[in-house]
Amino acid sequence: MDNAVAENHEIDMTLAEKPELNRLKSVGFITEISGSGAKALCDVRVLREMSSVDSDYADFAPGQIGTILKVKVTKGFLFMTVRDIVTNYSNGEPTNKVAMSLDFLGHGIRAPLKESGMIFDRGVTDFPIPGEELYPVTLNEVEATFSDSDNNHFHLGHVFPQHVAPASINIDALLGKHFAVLGSTGTGKSCTVALLIRRIVERLPNAHIIMLDPHNEYETAFSDCAEHFDIKNLRLPYWMMNFEEHIEMFIGTYASKNRVVEIDILRRALYAARVDNAENLSPEQITVDTPIPYKLSFLTSFLEEEMGKLDNPETLTPFLRLRNKVDELRKDTRFSFMFSGMLVNDTLSNIIGNLLRFPVNNKPVSTIDLSGVPSEIVNVVVSIISRTVFDFAVWSRGQDALPILLVCEEAHRYVPTEKSTRFNSTKKAIERIAKEGRKYGVSMGLVSQRPADVSESALSQCGTIFSMRLNNERDQNFVSHVMPEGSEGSLSALSSLQNREALAVGEGVEAPVRLMVDKLAESHLPSSGSPSYSVDWLMGLEDPHFVDLTIENWRKQGNKISGE
């Protein structure tokens with residue numbers, strides 16, 4: 001806009017032709033419009049006056065990055081957020097005006113019958129023209145936009161910058177199209193996840209939520225509403241594995257000339273074992289993936305019988321490797337939650353009922369502690385659980401099926417960007433939920449402090465993203481790439497968010513919103529806090545048996561001392 005025109009434009013223009021705006025004070029006027037945003041010229045003195053502590057507009061701070069402002073259009077008001085503010089120059093000299101870049105949020109349509117007097121409509125169909133006045137928003141307007149409180153919403157925090165208006169999350173939209181919680185370590189990511197789940201459970205006490213917990217952070221957070229599983233009480237019988245998981249467990253990922261032969265032998269042995277133990281099913285109805293219990297002894301007997309038919313000793317190697325691996329897994333007590341002889345019975349109904357909370361029995365959440373699972377099979381365990389959730393939903397479709405939420409902490413470990421054969425089955429199971437889960441009532445929540453290392457195929461399916469502070473530029477760029485929607489101004493704030501602050505974008509919120517997440521009660525905090533070195537290292541060792549107890553737990557592969 002020409003500087004002379006800008007200087008001569010009266011910002012506090014007479015609003016007699018717009019009586020509904022007479023009581024509002026203008027902060028500036030629109031100078032330029034594009035498809036995604038606008039530019040405005042504002043008076044620095046007015047911005048300072050409105051931002052002063054004793055101003056009626058102080059809570060809305062119109063001169064702050066991220067603040068919401070509005071402009072009059074035919075439909076009512078068009079709401080916009082401040083992306084950046086730049087000093088305006090005239091003849092090379094700074095003036096008392098600033099140029100403001102704005103991103104569109106949506107329309108506020110007059111609705112006299114509503115308590116707030118307004119309905120927020122996402123998207124823009126009615127654009128202002130240059131010269132229209134710019135105004136600060138009111139608390140009622142912010143609440144009408146972000147603070148729904150019906151049965152399909154819960155409050156997660158409060159809207160930036162005043163932190164007065166509640167920020168509501170739409171439950172059906174959040175869960176119907178998956179979500180992700182991302183943020184650098186120490187930003188409050190685990191607390192945000194715990195609060196999300198707790199608010200859902202408070203609103204929907206008959207939910208069905210499974211949390212994959214690699215570090216046993218959430219046992220304390222949900223001690224009053226969750227069934228906790230670890231290697232002491234978790235039961236995942238080996239026969240629940242599909243064929244791909246059997247390959248990872250019995251053969252591994254090594255490459256050799258005998259690999260294809262071993263896979264073929266395992267396929268024949270597994271099929272024969274399932275058929276041998278099947279009841280009320282013909283062999284034609286059974287596949288290597290059918291979850292029918294079988295005996296490991298049958299597997300070894302089959303291998304030995306097949307070896308007896310061979311003449312060339314060199315061809316025995318694949319059979320011997322498989323038989324030795326089966327024996328190894330049966331004898332290793334670390335794997336007893338999968339390979340105990342007591343798990344041969346058909347307990348699939350009880351296992352699924354316990355894990356998926358059917359019935360709920362006042363505990364709608366299952367927390368599965370993976371910290372004690374041996375590292376060489378943790379990928380198979382995650383794969384079994386994820387795939388079982390999806391398969392159960394598929395086969396229960398149309399039979400009074402109930403939706404299920406699977407939350408995957410440390411998602412970069414199980415659905416990495418890299419093509420690792422070790423996590424192939426796990427990655428496939430979780431990505432399948434991401435792509436197809438919503439058709440069958442399976443929702444997914446991905447949590448990670450390294451979003452750039454999470455499979456883009458999975459993360460891009462998340463319709464709602466809660467991004468907390470991200471310090472790494474690679475992570476920031478990746479998040480901006482996969483965000484379902486977002487403005488430049490919002491995304492540029494990712495590195496400057498406070499702890500507990502999040503940028504919420506996507507289907508679960510009415511419009512992109514920066515919010516301060518509510519604090520959890522002390523008893524509901526996850527056990528993910530850092531130690532206080534300044535306190536702990538001032539104290540002496542209080543328990544003289546500390547080392548002995550630690551070694552005893554270590555040898556027994558039991559719970560951590562902190563969990564006892």
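Visitor: In which sense do E17 and strand E18 pair, parallel or antiparallel?
Guide: In this predicted model, strand E18 covers residues 513-517. A hairpin of six residues joins E17 to E18. Four bridges link E17 and E18, and the sense of their pairing is antiparallel.

Visitor: Which residue in E18 is the bridge partner of glutamate 501?
Guide: Strand E17 comprises residues 501-506, and E17 pairs with E18. The bridge partner of glutamate 501 in E18 is methionine 516.

Visitor: Which residue in E17 does serine 467 stand opposite?
Guide: Strand E16, residues 464-467, also pairs with E17 in the antiparallel sense, over four bridges. Within E17, the residue opposite serine 467 is leucine 503.

Visitor: How many residues of strand E17 are buried?
Guide: Buried residues have under 20% relative accessible area. Strand E17 is largely enclosed by the rest of the structure, because the buried residues among its six number six.

Visitor: What is the relative accessible area of isoleucine 551?
Guide: Isoleucine 551 is placed in helix H19, residues 546-556. Together with Leu541, Phe546, Val547 and Trp554, Ile551 makes a nonpolar surface patch of about 540 Å². Isoleucine 551 is partly exposed, and its relative accessible area is 32%.

Notes: Residues are numbered from 1 along each chain as its sequence is written. This is a predicted model: local features need pLDDT of at least 70, side-chain atom pairs count only at pLDDT 80 or more; totals for chains, interfaces and linings use all residues. Side-chain values use heavy atoms; hydrogens and water are left out. Buried means under 20% relative accessible area, exposed over 50%, partly exposed in between (1.4 Å probe, protein chains only). Helices (H or I, at least four residues) and strands (E, at least two) are DSSP runs, numbered from the N terminus. Two strands pair if DSSP finds at least two bridges between them. Patches are made of residues with over 30% relative accessible area and no salt bridge: like charges are joined within 9 Å, nonpolar side chains (Val, Leu, Ile, Met, Phe, Trp, Tyr) within 5 Å. Accessible areas come from the Shrake-Rupley method with a 1.4 Å probe; for residues, only the protein chains shown count as cover. A salt bridge is a side-chain nitrogen of Lys or Arg within 4 Å of a carboxyl oxygen of Asp or Glu.
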